Amino acid sequence: MEKKPFVTKEMVEKIAQTYPTPFHIYDEAGIKARCKAVKEAFSWNKGFCEYFAVKATPNPFIMEIIRDAGFGFDCSSEAELILADAVGGPIMFSSNDTPAEEYALCAKLGGIINLDDITHIPFLEGIIGPEFPEIMSCRYNPGGVYKLSNGIMDNPGDSKYGMTKEQLFDAYAQLKAHGVKKVGLHAFLASNTVTNEYYPKLAGELFELAVEAKNTVGVDFAFINLSGGVGVDYRPDQPANDIKEIGEGVRKKFEEILVPAGMGDVAIYTEMGRFMLAPFGALVTKAIHEKHIYKEYIGVDACAANLMRPAMYGAYHHITVLGKENAPADHKYDITGSLCENNDKFAIDRMLPKIDMGDYLVIHDAGAHGFAMGYNYNGRLWSAELLLKEDGSVKLIRRAESLNDYFSTFDTTEYGAKLIRN
Ligand SMILES: *Cc1c(COP(=O)(O)O)cnc(C)c1O
């Protein structure tokens with residue numbers, strides 16, 4: 001199935017008059033529709049809440065849309081906590097290797113602390129004292145290899161997150177002794193799963209574990225947090241996840257396992273980032289050079305500093321040449337940025353229509369873990385972020401970084417005056 005960009009050539013030409021390329025742009029209507037679909041898929045669960053993983057798209061104007069859907073925020077750093085507090089909404093703090101100040105801030109903001117490790121219990125006591133919040137959560141790591149039937153695999157045994165089962169049960173007992181009234185259980189075992197099977201399988205395992213913890217440790221569960229990991233169809237030939245079917249799969253496990261155990265009041269939480277936002281953000285860039293050596297190269301005005309996933313993971317991001325949607329894809333190109341790093345390629349050996357200088361390219365599915373992973377190598381600057389509103393207007397939701405921003409941390413040195421201009 002061909003991927004259709006949510007902006008047209010005419011729209012981008014108009015936008016670029018005010019906001020030059022490259023820029024990230026987000027689709028408000030798409031985000032709203034996604035929130036609604038997620039809400040409906042889990043409407044069978046009374047306490048359901050999606051805690052949007054702020055790290056995916058840490059922009060308060062995007063977070064507002066998610067808040068207005070009645071959702072909250074999953075944070076794991078001070079900056080993310082501050083953003084979530086500024087926007088408003090419930091907070092889940094699923095951090096790891098957590099600095100003391102961040103636990104203190106989360107406790108102050110009333111967020112739910114999701115402990116990554118059993119040793120964080122005495123660490124936390126050293127920060128907030130022996131009386132813990134009424135609701136707290138623990139992160140579980142089953143070890144080994146996590147396999148799904150479509151061949152997707154991940155490796156919890158190699159991952160730094162979570163506690164062993166033994167530690168988990170011990171942690172629950174200790175939390176009870178610290179005055180915790182109800183607990184949560186959290187696990188993130190596979191990333192970017194493009195299958196409807198992941199959440200239901202994970203839910204089944206966590207539900208069984210929660211029943212066992214209730215029976216052996218005597219803890220009451222407020223929620224089970226399925227965390228993130230629901231993927232998107234980056235490639236046009238991949239079938240998209242169906243959140244309705246995923247929600248139904250989780251419901252079946254809930255009715256099979258939790259309801260008979262007298263745990264039918266447990267809330268289901270999710271912490272999706274990618275599934276909520278990836279398809280609703282795009283990096284828009286312009287072709288500025290063509291180069292014919294041993295391969296055909298198109299140089300664009302964006303680079304890996306604006307979208308790192310292809311360079312970092314060899315990730316596929318679909319590309320549309322605007323205005324040439326129906327032209328035959330009969331040219332093979334590497335699409336490159338300007339970094340002095342040969343991995344700065346948005347696409348390698350990609351079949352695309354003939355690209356002319358000045359053509360606008362839409363790099364799809366950049367709405368999550370896209371702009372957010374940016375960096376400043378080679379002195380390349382962060383782009384602007386724009387929001388395409390439902391009414392068709394465009395709002396600047398973060399300006400592009402300037403050279404003064406880039407040089408600003410020299411301000412206290414002798415070079416400050418030389419580098420920073422007014
Ligand atoms: C990154 C992360 C998420 C979001 O993951 P996605 O793959 O974007 O859904 C959720 N929870 C935690 C703890 C994370 O680290």
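Here is a short tour of the aromatic rings in this predicted model, with a couple of charged side chains at the end.

Start by selecting Tyr-103 and Phe-123. Their ring centres are 6.2 Å apart and the planes meet at 65°, so this one is edge-to-face, the label for angles over 60 degrees. Now colour by secondary structure: Tyr-103 sits in helix H5 (residues 100-109) and Phe-123 in helix H6 (residues 120-128), so you're looking at a link between parts of the chain 20 residues apart. Tyr-103 is buried, at 0% relative accessibility, while Phe-123 comes out as partly exposed at 37%.

Next, jump to Phe-223 and Tyr-269. This pair is stacked, with 4.5 Å from centre to centre and 25° between the planes. Buried or exposed, what is Phe-223? Phe-223 is buried, with a relative accessible area of 0%. Tyr-269 is buried as well, at 12%.

Now grab a group: select Phe-42, Trp-44, Phe-48, Phe-71, Phe-207 and Phe-254. Ring pairs link these six names into a cluster.

Last stop, the charges. Show Arg-34 with Phe-275: the charged end of Arg-34 sits over the Phe-275 ring, 3.9 Å from its centre. Then move to Lys-201, whose charged end sits over the ring of Tyr-146, 4.9 Å from the ring centre.

Methods. Residues numbered from 1 in each chain as written. Predicted model: local features only at pLDDT ≥ 70, side-chain atom pairs only at ≥ 80, totals over all residues. Heavy atoms only, no water. Phe/Tyr/Trp six-rings, centres within 6.5 Å; stacked < 30°, edge-to-face > 60°. Helix = DSSP H or I, 4+ residues; strand = E, 2+ residues; numbered from the N terminus. Buried < 20%, exposed > 50% of the residue type's maximum accessible area, 1.4 Å probe, protein only. Lys NZ or Arg CZ within 6 Å of the ring centre and 35° of its normal.
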